Amino acid sequence: MKLKKQVTVCGGAIFCVAVFSLYLMLDRVQHDPARRQSAGNFPRSQISVLQNRIEQLEQLLEENHQIISHIKDSVLELTDTGAISPSGHLPFRSANGSWVLPFDGRPTFLSVKPLDCQFALGRRSQTDLQMLDVYSLLSFDNVDGGVWKQGFEITYEPNEWDDEPLQVFVVPHSHNDPGWVKTFDKYYNDQTQHILNNMVVKLAEDPRRKFIWSEISYFSKWWESADAQKQEDMRKLILNGQLEIVTGGWVMTDEANAHYFAMIDQLIEGHQWLERNLGVIPQSGWAVDPFGHSATMPYLLRRANLSSMLIQRVHYSIKKHFAATRSLEFMWRQAWDIESSTDMFCHMMPFYSYDVPHTCGPDPKICCQYDFKRLPGSRVNCPWKVPPRAITDANVAERAGVLLDQYRKKSKLFRSKVLLIPLGDDFRYDKALEWDQQYSNYQKLFDYMNSHPEMHVKAQFASLSDYFNAVYKAKGVAPGTRPPDYPVLSGDFFAYADREDHYWRAEILYSLAVAYARRAGIDGRYPVSDYSLLTDARRNVGLFQHHDAITGTAKEAVVIDYGNRLLRSLIGLKRVIINAAHFLILKNKDIYRFYQTDPFLETDDRRATQDSLPQRTLIELESSPRYLVLFNPVEQERLCVVTVLVNSARVRVLTEDGQTLPVQLSAQWMSGVEMNGEVFQASFMARLPALGLAIFHLYDSADSPMTLRSDTLLRVPGHGQSIRGLDPLPVRSQTIDAQPFYIQSQSLTLGFSGTTGLLESIRRKDDPQEVRVQIQFFTYGTRPSKDKSGAYLFLPDGNAKPYSQREAPIVRVVEGPLFSEVVAHYQHFQQTVRIHNVPGVDGLSLDITIMVDIRDQTNKELAMRLVTDIQSGDAFYTDLNGFQIQPRRYFQKLPIQANFYPMPTTAYIQDSLYRLTLHTAQALGVSSLASGQLEVILDRRLMQDDNRGLGQGLKDNKRTANRFRLLLERRSNSAKHHGSYTKVTNMLNKFIAGILGDGQEEPTDTRPVSFPSLLSHLTSTILNHEVMALPVLPRKHGVPPMRTFAPLAGTLPCDFHLLNLRSIQSQQDANSPSAYTALLLHRLGLDCGLEALNPGFNCTTTQGQLSISGLFRGLDLHLLQPMSLSLMHSQPPLSNDSSINLEPMEISTYKLKLC
């Protein structure tokens, strides 16, 4: 009776709120002057004004509807779903068999302002070149172009330069891979140090000589070993413009697989080093070797205040098309940019490679003759059998004329009479002889050309920025602005890439700990020297973003070297986190003492070697409490299931304030059928503060009524396998049959095949429709011909074949109050599909882990395919670097391999009813080869080299874990609501359509831009930023009092991502932090067209407004200064109480002083 009264009161409240809100809305529309003023921005025609008023009313109705819906949902959760269990404490099974948890007493809400949804629906700036359209246009045939095999014949008239001579800028360079066939250190010792040593000497010999350098990882290593005189000589070369630092990142980052956090971090590391040691500010970007080019990179460079960039590795058909239309130079604009604030001037190199034979002009046979390192007697020769000739007075006229012919032909592909000629290759100029050969012979050619006016050419050595500035000057525009008649492009330049990425969040916790230590006046006792560990980790993670590291295209010994560097950094970062967490959770900071040999905490996992999977830490329980600290590395409060390993089945878990939590006790399995009798999994639901640390108590207690055992069923082939459980965890078994079976939570019901144990369907709790979502596995072979798949190339022998094995798999079905899962054991992989029975983000998607081991295979590639009834056609969507979404299309005219694209974090398919998103924790290759499908390459084992320079196959496979989250969302307009809100909005939409004559929205799949939903963003965040468990080590004299650390004073808008809180290096001591911190914020772009579900925490948006001064609890803000992305350019400081404003998709950097 009491419950009915509560429901009646809540229902009455909902009705009153609805009526009153509607009244206020109508009143605001009629009387709000601001709204009348905003309406004045529309055309004065009555139809437009009426449409505007109706749209405003519709937005207000939407906002009101969301609020009421969430009030209703809260009431339903308190009643119908049994969020309060009959006992008030214990989980219980509902009538339909699903587990119901005690309500945690923390009602939450979701409120996204309608205006924050308009960005995804708004008009986009028109571009001349949209890459998806270009792909549709091209036939991708490979017609023999003559001397330019992948191009066409180029002709010109001799008098074309009579009025405006051709300006030729020859840019010497040396591409130094920080690891490829040799390790980073081996390359440095054998070649790179000699290149830089020779540079200091040889450039100084003639002020006309120029050079460019990109990789700061190598440059910094040389600088540290150079004497003061060499350092000073290098500074002079930079100051007088003979040496230009291009891009200035720690490496030339991969653009396919790298996450944008890591791309930014390595750029900051390089730029901060340059600023501290040389005072150099890069102006131009240089990317000649990454495998494809992402639209994220021009955005990052633009926000770092670079004005121009160069790219090279683009599909030859695209290069040919751009060359034919003289579009090789363009303004690269982000697809979501409404105006032109993201425009970056970009030069695309037209020919096959960045080496000398493919840069002077279209004929590599001739260009090779001007690579003077290949003079007779050298170890390097020309494949076209015509060697270079040293330039003499006798042959200079003929040699200059032949070279000029190539220059003129190349210039015909561009819109200005300014020409760029790169002069270099991998690890060039490591011998003093080559410096003399190249510079002396070219200078003779330049002197001859420049002294003969009838040739109408001016040739010189140049830096990259010399070239770009000459283009801008010739076109009469400022650097970085669009020259007249130059095209604007949006999209990217990708085909296929694979391999994985990882990154960490220790930086934020360290920066907070240092700030709080300074405020407490005990920073002298805090190990600020941990900063050197952060620096080491930044640089090693940065090194791994190199395009031959993260891609897996390095020699096996080099891969091991990368792995050892990353392992060393991981160990160092764990120490940083442990030290920071120790300080931050102490109730009394005055008792804090740091002893390196006596750590306060340990981490929840350990790695024995760089290529081993992490082993979980066992928490040994006693009757006295063991303390567990949980770190939430994301900027929003988090409600999630946490699992730890314990040595007792009598585990009891308490919160900091003594509340006993429900625990699901599960077995630790050593194989498909064998349990570990001494180790148990204890899972409990935890609510964790944003960017904070929470404390839990674990006991071995005979009185643990809230600890509930998982129910385990083994489905086994019918040939008498021995199955037995271990006390207190019994196991049931049955023979596999064809009957499908199900697991469910409060949000999802999953169907599985009875024979394969693999996923068959998903049904959401609020959707009567069961959606077919099948997981299948396939294998690709490689071609029988000479050209086979290898480290670089994917050359399959046709369509994939279904994976098969002789015996049926062992399938384990585990059900419990906090999670349920199905584990299918196959010969080459083990797949776990788990759902969490908790409210919010953690419970709304499928947690999928696939352990892959194909070490016994030969020339096989294992793929996972999702097969659904979603009518996606040939459209699918992949992310670029975790930063933005790029629409894709499957093209039948292209081979299978050309339809695969990099997927660093996300891919999805959709139709008018549903969107299915696959979130990944590792970068992989993805495609959609048929409507309703997504396919991911999980691992590759290839026995041969593919003739791309590596000299080995892919045979260093390990047993690896692939982590995913699978999210099924329903479109808002597909829901069959019958309430007054829907009737009103439908009526408004029909009314507008009747007036305008067209009520059809642009189909989603035809838009050049797409965005994840808010739920999708949050799902990717929890997948890639897992909760870190930090057990407190037992201490002889007891554990000092601790308390939860919650650094945020309020709730960050949930469309904001706190990308980093990075301590800035001290100018006096490179191993210590300064008093300043860099805050990097990213405002996410949202697709609000999918049903909004409660995320489990209070989630609001603020139209991009955020107050920094009140962001961090207990810290005062003494400086708030907008900066460029990499901190090299500053704007005037803002007042400390200012609110900042971010537009959707923008990343902004601020320098803070917190104390």
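The link of Cys-360 and Cys-367 is left-handed, with -90° about the S-S bond. In this predicted model, the sulfur atoms of Cys-360 and Cys-367 are 2.0 Å apart and form a disulfide. Cys-360 is buried, at 2% relative accessibility, and Cys-367 is likewise counted as buried, at 0%.

The structure holds 4 disulfides. A disulfide is a covalent bond between the sulfur atoms of two cysteines. When the bonded cysteines are counted along the chain, the pattern of pairing is 1-7, 2-3, 4-5, 6-8. One of the disulfides joins Cys-368 to Cys-382, with an S to S distance of 2.0 Å. The torsion about this S-S bond is about -100°, and the disulfide of Cys-368 and Cys-382 is therefore left-handed. Both cysteines lie in the loop between helix H12 (364–367) and helix H13 (396–411), 14 residues apart. Cys-368 has a relative accessibility of 0% and is buried; Cys-382 is buried with a relative accessible area of 6%.

Another disulfide joins Cys-117 to Cys-1088, with 2.1 Å from S to S. The link of Cys-117 and Cys-1088 is left-handed, with -80° about the S-S bond. The two residues are 971 residues apart and belong to distant parts of the chain: Cys-117 is in the loop between strand S3 (110–111) and helix H4 (118–121), and Cys-1088 is in the loop between strand S48 (1073–1083) and strand S49 (1099–1100). Cys-117 is buried because its relative accessibility of 11% falls under 20%. Cys-1088, by contrast, is partly exposed at 30%.

An open sheet of 6 strands has the order S4-S14-S10-S11-S9-S8, with mixed pairing. Strand S4 (129–130) and strand S8 (284–287) stand at the edges; each has a single partner strand, so one side of each lacks a neighbour in the sheet. Within the sheet, strand S9 (308–311) and strand S11 (344–348) run parallel and are joined by 4 bridges. Met-309 has Cys-346 of S11 as its bridge partner. Helix H10 (296–303) packs on the sheet and touches S8, S9, strand S10 (329–332) and S11; the direction of H10 makes about 130° with that of S11.

Arg-482 is placed in the loop between helix H15 (464–475) and strand S14 (488–490). Arg-482 is partly exposed, at 38% relative accessibility. The side chain of Arg-482 makes a polar contact of 3.3 Å with the side chain of Asp-128. A polar atom of the Arg-482 side chain also lies 2.7 Å from the backbone oxygen of Tyr-486.

Terms used: Residues are numbered from 1 along each chain as its sequence is written. This is a predicted model: local features need pLDDT of at least 70, side-chain atom pairs count only at pLDDT 80 or more; totals for chains, interfaces and linings use all residues. Side-chain values use heavy atoms; hydrogens and water are left out. Buried means under 20% relative accessible area, exposed over 50%, partly exposed in between (1.4 Å probe, protein chains only). A polar contact is a pair of N or O atoms within 3.5 Å; within protein, one must be able to donate a hydrogen and the other to accept it, and residues adjacent in sequence count only if both atoms are side-chain atoms. Two strands pair if DSSP finds at least two bridges between them. Contact means heavy atoms within 4.5 Å. Axes are lines fitted to C-alpha atoms, for helices over the stretch in contact, and angles run from 0 to 180 degrees between N-to-C directions. A disulfide is a pair of cysteine sulfur atoms within 2.5 Å.
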